[in-house]
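Have the model open as you read.

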Amino acid sequence: MSSRNMALVVARKEIKNVIRNKGLLFGGLWFGGMFGVLNVLFGGQVFSFNNSVFSAALLVGVFVGFMFSAQVFLREKREKIIETMLCTPLNLKSIWFGKVLGATVPAYLFSLLSVTLVIIISNITMRSLLLPSLAILIHILVVVPVFIASTISLIGFCQFLLGMRENKIISYLIILVLFPFMYPSIFSGLIQGNMNVVISWSEVVVCLIVSVLLLSLTTYLSRYLSKEKIVTTIP
Amino acid sequence: MIDVQDLTKKFSGKTVLNGINFQVKEGEIFGYLGPNGAGKTTTMRIILGLLKPASGRALVFGKELGDNDDLRRRVGVLLENDGLYEGLSAYENLNYYAQLYSVSDIGGTIKNLLVFVGLSDRQNDRVGVFSKGMKRRLALARSIIHDPEVLFYDEPSAGLDPEAQKLVRDLILRLAKEKGRTIFLNSHDLDEVQRVCSKIAILQRGEIKAYDTVENLRRKFGKPAVEIALADNEEAEKALDLLNSLDYVSECERDGLRIIAIIKDEKTSTILNVLMKEGIRVEEVKKVTKSLEDIYLNIVRQSGEKI
(Lines give C-alpha, C1' and ligand atoms only; values in the text may rest on other atoms or scores of the structure.)
Protein backbone atom coordinates (compact mmCIF):
# COMPACT_ATOMS: atom_id res chain seq x y z
CA MET A 1 0.00 0.00 0.00
CA SER A 2 1.35 3.43 -0.92
CA SER A 3 2.04 6.16 1.67
CA ARG A 4 -0.97 8.13 0.36
CA ASN A 5 -3.32 5.20 0.79
CA MET A 6 -1.96 4.56 4.27
CA ALA A 7 -2.56 8.21 5.15
CA LEU A 8 -6.16 7.75 3.97
CA VAL A 9 -6.50 4.73 6.29
CA VAL A 10 -5.36 6.97 9.16
CA ALA A 11 -7.75 9.73 8.08
CA ARG A 12 -10.74 7.34 7.94
CA LYS A 13 -9.93 6.06 11.42
CA GLU A 14 -9.63 9.62 12.78
CA ILE A 15 -12.98 10.63 11.27
CA LYS A 16 -14.61 7.53 12.78
CA ASN A 17 -13.02 8.29 16.14
CA VAL A 18 -14.20 11.92 16.08
CA ILE A 19 -17.74 10.99 15.05
CA ARG A 20 -18.00 8.46 17.90
CA ASN A 21 -16.79 10.91 20.54
CA LYS A 22 -20.09 12.31 21.79
CA GLY A 23 -18.45 15.01 23.93
CA LEU A 24 -16.51 16.29 20.97
CA LEU A 25 -19.54 16.18 18.68
CA PHE A 26 -21.66 18.03 21.21
CA GLY A 27 -18.91 20.65 21.60
CA GLY A 28 -18.71 21.07 17.84
CA LEU A 29 -22.48 21.36 17.51
CA TRP A 30 -22.61 23.84 20.38
CA PHE A 31 -19.97 26.18 18.95
CA GLY A 32 -21.09 25.76 15.34
CA GLY A 33 -24.79 26.02 16.08
CA MET A 34 -24.57 28.76 18.67
CA PHE A 35 -22.37 30.84 16.40
CA GLY A 36 -24.98 30.81 13.69
CA VAL A 37 -27.94 31.45 15.97
CA LEU A 38 -26.35 34.11 18.20
CA ASN A 39 -24.73 36.13 15.46
CA VAL A 40 -27.80 36.29 13.28
CA LEU A 41 -30.32 36.88 16.06
CA PHE A 42 -28.31 39.25 18.22
CA GLY A 43 -25.44 40.40 16.01
CA GLY A 44 -27.43 42.04 13.27
CA GLN A 45 -25.97 45.40 14.18
CA VAL A 46 -22.47 44.05 13.74
CA PHE A 47 -22.66 41.80 10.71
CA SER A 48 -24.23 42.01 7.29
CA PHE A 49 -25.53 38.72 5.85
CA ASN A 50 -22.41 38.06 3.77
CA ASN A 51 -20.17 38.97 6.71
CA SER A 52 -22.03 36.46 8.87
CA VAL A 53 -21.63 33.67 6.31
CA PHE A 54 -17.97 34.56 5.71
CA SER A 55 -17.03 34.51 9.37
CA ALA A 56 -19.26 31.53 10.26
CA ALA A 57 -17.55 29.36 7.66
CA LEU A 58 -14.06 30.41 8.72
CA LEU A 59 -14.25 30.78 12.48
CA VAL A 60 -16.42 27.73 13.19
CA GLY A 61 -14.22 25.60 10.92
CA VAL A 62 -11.02 26.78 12.59
CA PHE A 63 -12.36 26.53 16.14
CA VAL A 64 -13.96 23.10 15.69
CA GLY A 65 -10.81 21.99 13.83
CA PHE A 66 -8.80 23.11 16.85
CA MET A 67 -11.11 21.03 19.10
CA PHE A 68 -10.74 17.98 16.87
CA SER A 69 -6.97 18.33 16.63
CA ALA A 70 -6.83 17.95 20.42
CA GLN A 71 -8.45 14.52 19.98
CA VAL A 72 -6.49 13.53 16.90
CA PHE A 73 -2.99 14.70 17.89
CA LEU A 74 -2.82 15.60 21.55
CA ARG A 75 -4.94 12.81 23.04
CA GLU A 76 -3.05 10.18 21.05
CA LYS A 77 0.18 11.61 22.39
CA ARG A 78 -1.06 11.94 25.98
CA GLU A 79 -2.33 8.33 25.95
CA LYS A 80 0.94 7.18 24.33
CA ILE A 81 -0.84 5.46 21.42
CA ILE A 82 1.36 7.50 19.10
CA GLU A 83 4.36 5.38 20.13
CA THR A 84 2.70 2.27 18.68
CA MET A 85 1.77 4.22 15.53
CA LEU A 86 5.40 5.30 15.10
CA CYS A 87 6.43 1.63 15.10
CA THR A 88 4.16 0.79 12.13
CA PRO A 89 5.47 0.97 8.55
CA LEU A 90 3.97 4.48 8.18
CA ASN A 91 6.41 7.33 7.97
CA LEU A 92 5.87 10.40 10.12
CA LYS A 93 4.61 12.56 7.23
CA SER A 94 1.90 10.01 6.30
CA ILE A 95 0.73 9.84 9.91
CA TRP A 96 0.65 13.62 10.13
CA PHE A 97 -1.11 14.06 6.78
CA GLY A 98 -3.70 11.40 7.66
CA LYS A 99 -4.42 13.10 10.96
CA VAL A 100 -4.74 16.57 9.42
CA LEU A 101 -7.19 15.17 6.85
CA GLY A 102 -9.06 13.25 9.55
CA ALA A 103 -9.62 16.42 11.58
CA THR A 104 -10.23 18.72 8.60
CA VAL A 105 -13.10 16.76 7.03
CA PRO A 106 -15.41 16.76 10.10
CA ALA A 107 -14.40 20.35 11.00
CA TYR A 108 -15.35 21.46 7.48
CA LEU A 109 -18.69 19.66 7.79
CA PHE A 110 -19.38 21.61 10.99
CA SER A 111 -18.39 24.80 9.21
CA LEU A 112 -20.92 24.01 6.45
CA LEU A 113 -23.54 23.26 9.10
CA SER A 114 -22.96 26.64 10.70
CA VAL A 115 -23.18 28.39 7.31
CA THR A 116 -26.44 26.58 6.57
CA LEU A 117 -27.84 27.70 9.92
CA VAL A 118 -26.82 31.31 9.28
CA ILE A 119 -28.49 31.27 5.86
CA ILE A 120 -31.71 29.66 7.14
CA ILE A 121 -32.05 31.92 10.19
CA SER A 122 -31.18 35.06 8.18
CA ASN A 123 -33.82 34.20 5.56
CA ILE A 124 -36.42 33.61 8.27
CA THR A 125 -35.65 36.78 10.25
CA MET A 126 -35.25 39.05 7.21
CA ARG A 127 -38.34 37.57 5.49
CA SER A 128 -36.62 37.74 2.10
CA LEU A 129 -34.49 35.44 -0.03
CA LEU A 130 -30.84 35.95 0.94
CA LEU A 131 -28.10 33.99 -0.84
CA PRO A 132 -24.30 34.29 -0.46
CA SER A 133 -22.42 36.25 -3.16
CA LEU A 134 -20.11 34.44 -5.61
CA ALA A 135 -17.04 35.55 -3.66
CA ILE A 136 -18.54 34.10 -0.48
CA LEU A 137 -19.41 30.86 -2.27
CA ILE A 138 -15.81 30.47 -3.50
CA HIS A 139 -14.69 31.32 0.02
CA ILE A 140 -16.87 28.52 1.47
CA LEU A 141 -16.00 25.90 -1.13
CA VAL A 142 -12.26 26.57 -1.68
CA VAL A 143 -10.71 28.89 0.87
CA VAL A 144 -12.34 27.57 4.05
CA PRO A 145 -11.23 23.90 3.70
CA VAL A 146 -7.68 24.99 2.84
CA PHE A 147 -7.64 27.44 5.76
CA ILE A 148 -8.96 24.80 8.18
CA ALA A 149 -6.39 22.26 6.96
CA SER A 150 -3.55 24.78 7.28
CA THR A 151 -4.47 25.79 10.84
CA ILE A 152 -4.98 22.16 11.91
CA SER A 153 -1.62 21.18 10.43
CA LEU A 154 0.11 24.01 12.31
CA ILE A 155 -1.70 23.20 15.57
CA GLY A 156 -0.99 19.48 15.06
CA PHE A 157 2.67 20.24 14.44
CA CYS A 158 2.87 22.15 17.74
CA GLN A 159 0.98 19.39 19.56
CA PHE A 160 3.42 16.75 18.29
CA LEU A 161 6.53 18.85 18.86
CA LEU A 162 5.87 20.43 22.24
CA GLY A 163 5.24 19.11 25.73
CA MET A 164 1.87 19.03 27.44
CA ARG A 165 2.38 22.25 29.41
CA GLU A 166 3.37 24.26 26.35
CA ASN A 167 0.39 22.83 24.46
CA LYS A 168 -1.93 23.85 27.27
CA ILE A 169 -0.67 27.44 27.06
CA ILE A 170 -1.12 27.45 23.28
CA SER A 171 -4.67 26.11 23.67
CA TYR A 172 -5.60 28.90 26.10
CA LEU A 173 -4.14 31.48 23.72
CA ILE A 174 -6.13 30.10 20.78
CA ILE A 175 -9.36 30.18 22.80
CA LEU A 176 -8.64 33.71 24.03
CA VAL A 177 -8.00 34.98 20.51
CA LEU A 178 -10.84 33.14 18.75
CA PHE A 179 -13.63 33.47 21.29
CA PRO A 180 -14.36 37.20 20.89
CA PHE A 181 -14.60 36.68 17.13
CA MET A 182 -16.88 33.67 17.58
CA TYR A 183 -19.49 35.64 19.45
CA PRO A 184 -19.50 39.24 18.24
CA SER A 185 -22.96 39.69 19.69
CA ILE A 186 -21.36 39.27 23.11
CA PHE A 187 -18.13 41.08 22.35
CA SER A 188 -19.53 43.53 19.82
CA GLY A 189 -18.00 46.58 21.49
CA LEU A 190 -14.61 44.97 21.19
CA ILE A 191 -14.59 44.10 17.50
CA GLN A 192 -17.35 46.09 15.82
CA GLY A 193 -14.97 48.46 14.14
CA ASN A 194 -12.91 45.66 12.60
CA MET A 195 -15.69 43.40 11.40
CA ASN A 196 -18.08 45.96 9.98
CA VAL A 197 -16.57 45.75 6.49
CA VAL A 198 -18.21 44.50 3.32
CA ILE A 199 -16.71 41.16 2.34
CA SER A 200 -15.44 41.20 -1.25
CA TRP A 201 -13.04 39.22 -3.43
CA SER A 202 -10.04 40.92 -1.86
CA GLU A 203 -10.87 39.53 1.62
CA VAL A 204 -11.38 36.08 0.12
CA VAL A 205 -8.05 36.22 -1.73
CA VAL A 206 -6.27 37.47 1.41
CA CYS A 207 -7.68 34.48 3.33
CA LEU A 208 -6.47 32.11 0.62
CA ILE A 209 -2.98 33.64 0.65
CA VAL A 210 -2.84 33.40 4.46
CA SER A 211 -3.86 29.75 4.40
CA VAL A 212 -1.27 28.90 1.70
CA LEU A 213 1.38 30.74 3.72
CA LEU A 214 0.38 28.81 6.83
CA LEU A 215 0.63 25.53 4.93
CA SER A 216 4.06 26.50 3.56
CA LEU A 217 5.22 27.49 7.02
CA THR A 218 4.09 24.17 8.51
CA THR A 219 5.68 22.22 5.65
CA TYR A 220 8.94 24.07 6.28
CA LEU A 221 8.73 23.53 10.04
CA SER A 222 7.95 19.82 9.60
CA ARG A 223 11.66 19.15 8.99
CA TYR A 224 12.18 19.82 12.70
CA LEU A 225 9.69 17.13 13.67
CA SER A 226 11.14 13.72 14.46
CA LYS A 227 10.08 10.55 16.22
CA GLU A 228 12.52 11.39 19.00
CA LYS A 229 10.94 14.85 19.52
CA ILE A 230 7.48 13.27 19.80
CA VAL A 231 8.54 10.42 22.07
CA THR A 232 10.57 12.60 24.44
CA THR A 233 7.66 15.02 24.94
CA ILE A 234 5.16 12.28 25.80
CA PRO A 235 4.06 12.90 29.42
CA MET B 1 18.35 -11.35 15.01
CA ILE B 2 18.75 -8.46 17.47
CA ASP B 3 22.27 -7.15 17.88
CA VAL B 4 22.95 -4.29 20.27
CA GLN B 5 26.51 -2.97 20.07
CA ASP B 6 28.04 -0.59 22.60
CA LEU B 7 24.86 1.46 22.91
CA THR B 8 25.02 4.76 24.76
CA LYS B 9 22.27 7.32 25.28
CA LYS B 10 22.30 10.67 27.04
CA PHE B 11 19.41 12.93 28.00
CA SER B 12 20.38 16.55 28.76
CA GLY B 13 23.99 15.50 29.29
CA LYS B 14 23.07 12.71 31.71
CA THR B 15 24.09 9.22 30.62
CA VAL B 16 21.11 6.88 30.84
CA LEU B 17 22.62 3.98 28.87
CA ASN B 18 26.29 3.20 28.93
CA GLY B 19 27.93 0.67 26.61
CA ILE B 20 25.06 -1.79 26.30
CA ASN B 21 25.88 -5.00 24.42
CA PHE B 22 23.72 -8.07 23.86
CA GLN B 23 22.45 -10.34 21.14
CA VAL B 24 19.12 -12.13 20.82
CA LYS B 25 19.07 -15.18 18.58
CA GLU B 26 16.19 -16.40 16.44
CA GLY B 27 13.47 -18.14 18.47
CA GLU B 28 14.77 -16.90 21.83
CA ILE B 29 12.67 -15.22 24.49
CA PHE B 30 15.00 -12.60 25.88
CA GLY B 31 14.22 -11.02 29.24
CA TYR B 32 15.49 -7.50 29.83
CA LEU B 33 15.31 -6.99 33.56
CA GLY B 34 15.92 -4.00 35.74
CA PRO B 35 14.41 -1.67 38.32
CA ASN B 36 12.31 1.33 37.26
CA GLY B 37 14.46 3.96 35.59
CA ALA B 38 17.28 1.54 34.76
CA GLY B 39 16.96 2.28 31.03
CA LYS B 40 14.91 -0.70 29.80
CA THR B 41 12.34 1.31 27.86
CA THR B 42 15.03 3.64 26.48
CA THR B 43 16.92 0.62 25.11
CA MET B 44 13.74 -0.72 23.50
CA ARG B 45 12.91 2.70 22.02
CA ILE B 46 16.38 2.91 20.47
CA ILE B 47 16.09 -0.58 18.98
CA LEU B 48 12.67 0.36 17.57
CA GLY B 49 14.08 3.53 16.02
CA LEU B 50 12.05 5.88 18.20
CA LEU B 51 15.18 7.37 19.77
CA LYS B 52 18.64 7.89 18.33
CA PRO B 53 21.64 6.63 20.33
CA ALA B 54 24.50 8.94 21.31
CA SER B 55 26.83 6.19 20.13
CA GLY B 56 26.72 2.52 19.26
CA ARG B 57 24.20 0.63 17.14
CA ALA B 58 21.02 -1.38 17.60
CA LEU B 59 20.42 -3.75 14.70
CA VAL B 60 17.41 -5.89 13.91
CA PHE B 61 17.84 -8.31 10.99
CA GLY B 62 21.29 -6.72 10.58
CA LYS B 63 19.94 -3.19 10.01
CA GLU B 64 18.80 -0.21 12.05
CA LEU B 65 15.00 0.03 12.20
CA GLY B 66 15.01 3.87 12.21
CA ASP B 67 13.29 5.06 9.05
CA ASN B 68 13.29 1.65 7.39
CA ASP B 69 9.53 1.28 6.76
CA ASP B 70 9.84 -2.18 5.18
CA LEU B 71 11.86 -3.58 8.07
CA ARG B 72 9.26 -2.36 10.56
CA ARG B 73 6.71 -4.65 8.85
CA ARG B 74 8.68 -7.61 10.26
CA VAL B 75 8.48 -6.32 13.83
CA GLY B 76 5.57 -6.36 16.27
CA VAL B 77 5.34 -4.18 19.38
CA LEU B 78 3.37 -4.04 22.59
CA LEU B 79 4.51 -0.99 24.50
CA GLU B 80 3.41 0.52 27.80
CA ASN B 81 0.17 1.61 26.16
CA ASP B 82 -1.94 -1.01 24.38
CA GLY B 83 -2.07 1.10 21.21
CA LEU B 84 -5.84 0.60 21.01
CA TYR B 85 -8.58 3.14 20.29
CA GLU B 86 -11.31 2.98 22.90
CA GLY B 87 -13.97 4.43 20.62
CA LEU B 88 -13.53 1.61 18.12
CA SER B 89 -14.56 -2.03 18.48
CA ALA B 90 -12.08 -4.88 18.88
CA TYR B 91 -12.59 -5.81 15.23
CA GLU B 92 -12.18 -2.21 14.02
CA ASN B 93 -8.95 -1.81 15.98
CA LEU B 94 -7.44 -4.94 14.46
CA ASN B 95 -8.79 -4.00 11.04
CA TYR B 96 -7.08 -0.60 11.27
CA TYR B 97 -3.67 -2.05 12.06
CA ALA B 98 -4.14 -4.85 9.50
CA GLN B 99 -4.62 -2.19 6.82
CA LEU B 100 -1.54 -0.27 7.97
CA TYR B 101 0.53 -3.46 7.72
CA SER B 102 -1.09 -4.42 4.38
CA VAL B 103 -2.31 -7.79 5.69
CA SER B 104 -3.75 -9.83 2.80
CA ASP B 105 -6.66 -11.83 4.30
CA ILE B 106 -7.82 -9.29 6.88
CA GLY B 107 -11.13 -10.95 7.82
CA GLY B 108 -9.66 -14.42 8.26
CA THR B 109 -6.60 -13.17 10.14
CA ILE B 110 -8.68 -11.14 12.60
CA LYS B 111 -11.05 -14.07 13.19
CA ASN B 112 -8.15 -16.42 13.98
CA LEU B 113 -6.45 -13.90 16.22
CA LEU B 114 -9.59 -13.19 18.23
CA VAL B 115 -9.93 -16.93 18.82
CA PHE B 116 -6.23 -17.11 19.78
CA VAL B 117 -6.64 -14.44 22.48
CA GLY B 118 -10.09 -15.65 23.56
CA LEU B 119 -12.06 -12.58 22.48
CA SER B 120 -14.00 -13.89 19.49
CA ASP B 121 -17.35 -13.30 21.22
CA ARG B 122 -16.46 -9.65 21.94
CA GLN B 123 -15.30 -8.56 18.48
CA ASN B 124 -18.04 -5.97 18.02
CA ASP B 125 -17.79 -4.46 21.51
CA ARG B 126 -16.13 -1.09 21.98
CA VAL B 127 -12.65 -1.46 23.49
CA GLY B 128 -13.57 1.28 25.98
CA VAL B 129 -15.77 -1.21 27.88
CA PHE B 130 -13.06 -3.91 28.05
CA SER B 131 -11.22 -4.80 31.27
CA LYS B 132 -7.48 -4.12 31.45
CA GLY B 133 -6.74 -7.82 30.92
CA MET B 134 -8.97 -8.01 27.84
CA LYS B 135 -7.34 -4.90 26.38
CA ARG B 136 -3.92 -6.44 26.94
CA ARG B 137 -4.97 -9.65 25.19
CA LEU B 138 -6.38 -7.65 22.27
CA ALA B 139 -3.13 -5.66 22.17
CA LEU B 140 -1.24 -8.95 21.94
CA ALA B 141 -3.42 -9.88 18.97
CA ARG B 142 -2.72 -6.43 17.47
CA SER B 143 1.02 -6.94 17.87
CA ILE B 144 0.97 -10.13 15.77
CA ILE B 145 -1.67 -9.14 13.20
CA HIS B 146 0.99 -8.94 10.46
CA ASP B 147 2.73 -12.16 11.52
CA PRO B 148 6.00 -10.48 12.55
CA GLU B 149 9.23 -12.38 13.07
CA VAL B 150 10.35 -10.40 16.13
CA LEU B 151 8.19 -9.11 18.97
CA PHE B 152 9.02 -6.37 21.43
CA TYR B 153 6.96 -6.45 24.62
CA ASP B 154 7.29 -3.78 27.30
CA GLU B 155 5.95 -4.96 30.68
CA PRO B 156 3.17 -6.98 29.00
CA SER B 157 1.48 -8.07 32.22
CA ALA B 158 2.04 -4.94 34.33
CA GLY B 159 -1.00 -3.88 36.33
CA LEU B 160 -3.00 -7.03 35.57
CA ASP B 161 -4.61 -9.34 38.12
CA PRO B 162 -2.89 -12.75 38.61
CA GLU B 163 -5.37 -14.58 36.36
CA ALA B 164 -4.92 -12.09 33.52
CA GLN B 165 -1.14 -12.17 34.07
CA LYS B 166 -1.16 -15.92 33.59
CA LEU B 167 -3.26 -15.64 30.44
CA VAL B 168 -0.87 -13.10 28.92
CA ARG B 169 2.16 -15.16 29.97
CA ASP B 170 0.68 -18.31 28.43
CA LEU B 171 -0.05 -16.45 25.20
CA ILE B 172 3.57 -15.25 25.00
CA LEU B 173 4.84 -18.79 25.60
CA ARG B 174 2.51 -20.11 22.89
CA LEU B 175 3.79 -17.45 20.48
CA ALA B 176 7.35 -18.61 21.08
CA LYS B 177 6.71 -22.34 21.11
CA GLU B 178 3.97 -22.77 18.50
CA LYS B 179 4.92 -19.98 16.14
CA GLY B 180 8.68 -19.82 16.82
CA ARG B 181 8.71 -16.06 17.32
CA THR B 182 11.72 -14.21 18.74
CA ILE B 183 10.58 -12.16 21.73
CA PHE B 184 12.28 -9.25 23.49
CA LEU B 185 10.60 -8.86 26.86
CA ASN B 186 11.12 -5.79 29.03
CA SER B 187 10.09 -6.54 32.57
CA HIS B 188 10.70 -6.03 36.24
CA ASP B 189 8.47 -9.01 37.04
CA LEU B 190 11.03 -11.64 38.01
CA ASP B 191 8.48 -14.42 38.21
CA GLU B 192 7.33 -13.70 34.66
CA VAL B 193 10.87 -13.60 33.30
CA GLN B 194 11.81 -16.80 35.15
CA ARG B 195 8.83 -18.65 33.71
CA VAL B 196 9.06 -17.33 30.19
CA CYS B 197 12.59 -16.34 29.20
CA SER B 198 15.45 -18.48 28.00
CA LYS B 199 18.09 -15.76 28.31
CA ILE B 200 18.22 -12.59 30.38
CA ALA B 201 20.15 -9.39 30.87
CA ILE B 202 19.97 -7.47 34.12
CA LEU B 203 20.22 -3.72 33.65
CA GLN B 204 21.23 -1.41 36.45
CA ARG B 205 21.64 2.37 36.12
CA GLY B 206 22.13 2.10 32.39
CA GLU B 207 24.67 -0.73 32.51
CA ILE B 208 24.27 -4.47 32.03
CA LYS B 209 25.31 -6.23 35.23
CA ALA B 210 24.54 -9.78 34.14
CA TYR B 211 23.78 -11.41 30.80
CA ASP B 212 23.31 -15.14 30.35
CA THR B 213 20.77 -17.96 30.49
CA VAL B 214 18.78 -18.23 33.73
CA GLU B 215 20.52 -21.52 34.58
CA ASN B 216 24.01 -20.11 33.98
CA LEU B 217 23.22 -17.08 36.12
CA ARG B 218 22.02 -19.36 38.91
CA ARG B 219 25.28 -21.26 38.69
CA LYS B 220 27.34 -18.08 38.56
CA PHE B 221 25.60 -15.96 41.17
CA GLY B 222 23.61 -18.42 43.23
CA LYS B 223 25.63 -19.62 46.23
CA PRO B 224 24.71 -23.12 47.54
CA ALA B 225 22.49 -22.97 50.60
CA VAL B 226 20.94 -25.39 53.08
CA GLU B 227 17.65 -24.93 54.87
CA ILE B 228 17.49 -26.54 58.32
CA ALA B 229 14.17 -27.03 60.13
CA LEU B 230 14.68 -27.44 63.89
CA ALA B 231 12.41 -29.35 66.23
CA ASP B 232 12.79 -27.07 69.25
CA ASN B 233 12.74 -23.29 69.30
CA GLU B 234 15.00 -23.17 72.38
CA GLU B 235 17.79 -24.85 70.42
CA ALA B 236 17.68 -22.33 67.60
CA GLU B 237 20.19 -19.84 69.09
CA LYS B 238 22.62 -22.63 69.92
CA ALA B 239 22.31 -24.01 66.37
CA LEU B 240 22.83 -20.55 64.88
CA ASP B 241 26.03 -19.97 66.93
CA LEU B 242 27.30 -23.40 65.99
CA LEU B 243 26.69 -22.91 62.28
CA ASN B 244 28.32 -19.47 62.34
CA SER B 245 31.44 -20.97 63.87
CA LEU B 246 31.93 -23.43 60.98
CA ASP B 247 34.52 -22.27 58.45
CA TYR B 248 32.58 -23.61 55.46
CA VAL B 249 29.44 -21.67 56.39
CA SER B 250 29.67 -18.10 55.14
CA GLU B 251 26.33 -16.72 56.25
CA CYS B 252 23.34 -17.75 58.40
CA GLU B 253 19.81 -16.39 58.66
CA ARG B 254 17.17 -17.48 61.18
CA ASP B 255 13.44 -17.33 60.66
CA GLY B 256 11.69 -18.97 63.64
CA LEU B 257 12.49 -22.66 63.59
CA ARG B 258 14.16 -22.40 60.20
CA ILE B 259 17.78 -21.52 59.51
CA ILE B 260 19.20 -20.81 56.05
CA ALA B 261 22.95 -21.43 55.87
CA ILE B 262 24.99 -20.28 52.86
CA ILE B 263 27.75 -22.84 52.46
CA LYS B 264 30.98 -22.78 50.51
CA ASP B 265 30.60 -26.39 49.38
CA GLU B 266 27.59 -28.61 49.32
CA LYS B 267 28.13 -30.26 52.73
CA THR B 268 24.54 -30.99 53.72
CA SER B 269 25.35 -34.28 55.44
CA THR B 270 28.28 -32.75 57.34
CA ILE B 271 26.08 -29.98 58.71
CA LEU B 272 23.49 -32.52 59.83
CA ASN B 273 26.18 -34.55 61.64
CA VAL B 274 27.59 -31.49 63.44
CA LEU B 275 24.15 -30.44 64.68
CA MET B 276 23.22 -33.96 65.82
CA LYS B 277 26.54 -34.40 67.65
CA GLU B 278 25.71 -31.30 69.69
CA GLY B 279 22.30 -32.79 70.51
CA ILE B 280 20.30 -30.38 68.39
CA ARG B 281 17.18 -32.06 67.10
CA VAL B 282 16.63 -31.52 63.40
CA GLU B 283 13.30 -32.11 61.64
CA GLU B 284 14.49 -31.60 58.08
CA VAL B 285 17.55 -30.54 56.07
CA LYS B 286 17.32 -29.66 52.39
CA LYS B 287 19.35 -27.93 49.69
CA VAL B 288 17.92 -24.66 48.53
CA THR B 289 18.18 -23.47 44.94
CA LYS B 290 18.62 -19.75 44.49
CA SER B 291 15.73 -18.19 42.68
CA LEU B 292 16.14 -15.55 39.99
CA GLU B 293 14.77 -13.11 42.50
CA ASP B 294 17.67 -13.79 44.89
CA ILE B 295 20.18 -13.42 42.07
CA TYR B 296 18.54 -10.22 40.86
CA LEU B 297 18.42 -8.73 44.34
CA ASN B 298 22.07 -9.68 44.94
CA ILE B 299 23.16 -7.95 41.75
CA VAL B 300 21.06 -4.88 42.37
CA ARG B 301 22.17 -4.59 46.01
CA GLN B 302 25.82 -5.05 45.08
CA SER B 303 25.40 -2.00 42.86
CA GLY B 304 24.02 -0.07 45.80
CA GLU B 305 20.55 0.45 44.36
CA LYS B 306 17.66 1.06 46.72
CA ILE B 307 14.77 -1.32 45.96
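pLDDT is the predictor's confidence in each residue, from 0 to 100. This is a predicted model, where local features need pLDDT of at least 70, side-chain atom pairs count only at pLDDT 80 or more, and totals for chains, interfaces and linings use all residues. Residues are numbered from 1 along each chain as its sequence is written.

**Confidence**
- Chain A has a mean pLDDT of 84, with 88% of its residues at 70 or more.

**Helix 6 with helix 9**
- In chain A, the axes (lines fitted to C-alpha atoms over the stretch in contact, angles running from 0 to 180 degrees between N-to-C directions) of helix 6 (residues 134-161) and helix 9 (residues 201-221) come within 9 Å and cross at roughly 25 degrees.
- Helix 6 of chain A and helix 9 of chain A are therefore roughly parallel, a label for angles under 35 degrees.
- The contact (heavy atoms within 4.5 Å) includes Phe147(A) of helix 6 and Leu214(A) of helix 9.

**Helix 5 with helix 6**
- Helix 5 (residues 92-126) of chain A and helix 6 of chain A have axes that come within 9 Å and cross at roughly 135 degrees.
- Among the residues that meet here are Trp96(A) in helix 5 and Phe160(A) in helix 6.

Key: Chains are lettered from A and ligands numbered from 1 in the order in which they are written. Side-chain values use heavy atoms; hydrogens and water are left out. Helices (H or I, at least four residues) and strands (E, at least two) are DSSP runs, numbered from the N terminus. Angles under 35 degrees count as roughly parallel, over 145 as roughly antiparallel, 65 to 115 as roughly perpendicular and the rest as oblique.
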